[in-house]
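Hi,

Here is the structure I promised to pass on. My notes follow it.

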Amino acid sequence: MIELQGLTKRYGEKLAVDGLTCTVRPGIVTGFLGPNGAGKSTTMRMMLDLDRPTHGTVLIDGQHYRQLKDPLRTVGALLDAKAMHGGRSAYNHLLCLAQSNGIPRARVREVLDTVGLTAVAKKRSKGFSLGMGQRLGIAGALLGDPQILMFDEPVNGLDPEGIHWIRNLMKNLAAQGRTVFVSSHLMSEMALTADHLIVIGQGRLLADTSMADFIRQNSRSYVRLRSPEIERLLDVLAGAGITAVTTEDGHLEVDGTESAQLGELAARHKLVLHELSPQQASLEEAFMQLTAESVEYHAHSAPPGGDPRPVAGADAPPDAPPDGGAAPPGGGWGADWRKKKGS
Ligand SMILES: Nc1ncnc2c1ncn2[C@@H]1O[C@H](COP(=O)(O)OP(=O)(O)OP(=O)(O)O)[C@@H](O)[C@H]1O
């Protein structure tokens, strides 16, 4: 278990992490989400005592990190896969870690095998691809067979087979009762992996809830209907006190009524339905909804070298940010990363 109590980090003027209090529990995969610059890496670094909090504490199984004897046996982490001595072979890199943490040499071979790097164990890691580096970093996290695992963007650079593998690895580690804490910007992957979410924005806690509740609370769910008898369907729904919205493509959307209830109502009135489908927003939509106010860095969508003038008929200029805020001075490509106005 990892417990954060009022965790705060200030870098000069910048409050990177702002009074975070939450608990990362064992037996589940907890996803750690937040827009760019939200403070995820800073939080993870403080959890591992790589950065000192300005205020607040982190307890790892009830202890401060620096009180842990042989920390790799308690908590394994992948933070920055490039943070290793590139001149060392994968085997020697892991052996050094093992020897400094009282871990038997035989374990090095085991974890190399687990991550699929046995064939390149003697090769220097500076020649590794991004995905191979990630695998070596993951091997380092697993080395001490710890009860707590932290992964910062673990799927970065992995191929589809590798992504599938790390997803199953994290689920299996959690099923063994371990604490698994993972950050990722890949929402579709997070939706498949995490049971619980901790979401931060501008260093502050925005949500600490199950995946299902997070999506439910931050998005709209509705039922979509299509029928060749749309007018009669509208009358039947209105007669039952159900409000439906007609979309431009001729569908109906109904909020707040179960699809089963709508199907039974249509059947009672012998109405033909061509579609009756519950619609649930994705994690990505729910995430964007919740964090819209705390996104600091917006890209804009003008094509490279494109004309920044408004397109005829378009609601907004091509470089307008998605929140409708002010466009960057000068517009155009190249000035595409900007601080949101006022932050
Ligand atoms: N060593 C540092 N010195 C000064 N500012 C820092 C330092 N490390 C992080 N920051 C700032 O703290 C804020 C949080 O950064 P952090 O890297 O923790 O965010 P993040 O959520 O991990 O972002 P991303 O998703 O882009 O990786 C940012 O504004 C960043 O510029």
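Two strands count as paired if DSSP finds at least two bridges between them. Helices (H or I, at least four residues) and strands (E, at least two) are DSSP runs, numbered from the N terminus.

Before the details: this is a predicted model, in which local features need pLDDT of at least 70, side-chain atom pairs count only at pLDDT 80 or more, and totals for chains, interfaces and linings use all residues. Residues are numbered from 1 along each chain as its sequence is written.

**The six-stranded sheet**

Asp-152 stands opposite Ser-183 in S7. This belongs to a parallel pair: 5 bridges join S6 to strand S7 (residues 179-183). The open sheet has 6 strands, in the order S5-S6-S7-S3-S8-S9, with mixed pairing. Strand S5 (75-78) and strand S9 (204-210) are at the edges; each has a single partner strand, so one side of each has no neighbour in the sheet. From one strand to the next, the twist averages 15°. Angles here run from 0 to 180 degrees between N-to-C directions; axes are lines fitted to C-alpha atoms, for helices over the stretch in contact.

Two helices to look at here. H1 packs on the sheet and touches strand S3 (29-33), S6, S7 and strand S8 (196-201), its direction making about 150° with that of S6. H4 also packs on this sheet, touching S5 and S6, at about 170° to the direction of S5. Contact means C-beta atoms, placed from the backbone, within 7 Å.

**The three-stranded sheet**

A second open sheet has 3 strands in the order S2-S1-S4, paired antiparallel. Its edge strands are S2 and strand S4 (55-60), each pairing on one side only. The twist averages 20° from one strand to the next. H1 packs on this sheet too, touching S1, S2 and S4, with its direction at about 120° to that of S1. Strand S1 (residues 2-11) and S2 run antiparallel and are joined by 7 bridges. Within that pair, Leu-4 stands opposite Cys-22 in S2.

**The ligand shell**

Which residues surround the ligand? They are Tyr-11, Lys-14, Ala-16, Gly-34, Asn-36, Gly-37, Ala-38, Gly-39, Lys-40, Ser-41 and Thr-42. A residue is near the molecule if its C-beta atom, placed from the backbone, lies within 6 Å of it. Strand S2 (14-24) and helix H1 (40-47) each supply at least two of the shell residues. H1 gives the largest share, 3 residues.

**Cores**

A nonpolar core is a set of buried Ala, Val, Leu, Ile, Met, Phe, Trp, Tyr and Cys residues joined through C-beta atoms within 7 Å. Buried means 20 or more other C-beta atoms within 10 Å of a residue's own, exposed 12 or fewer, and partly exposed in between, with C-beta atoms placed from the backbone.

The largest core has 65 residues, and Leu-94, Ala-139 and Leu-143 have the most contacts inside it. Helix H4 (residues 130-142) supplies the largest share of this core, 6 residues. Apart from it lies another core of 8 residues, including Val-223 and Leu-233.

**Two backbone points**

Asp-49 has phi near 60°, a positive value in a residue other than glycine. Asp-49 sits in the loop between H1 and S4. Glu-153 has a positive phi as well, near 50°. Glu-153 is in the loop between strand S6 (148-152) and helix H5 (160-175). Most residues other than glycine have a negative phi.

Best wishes
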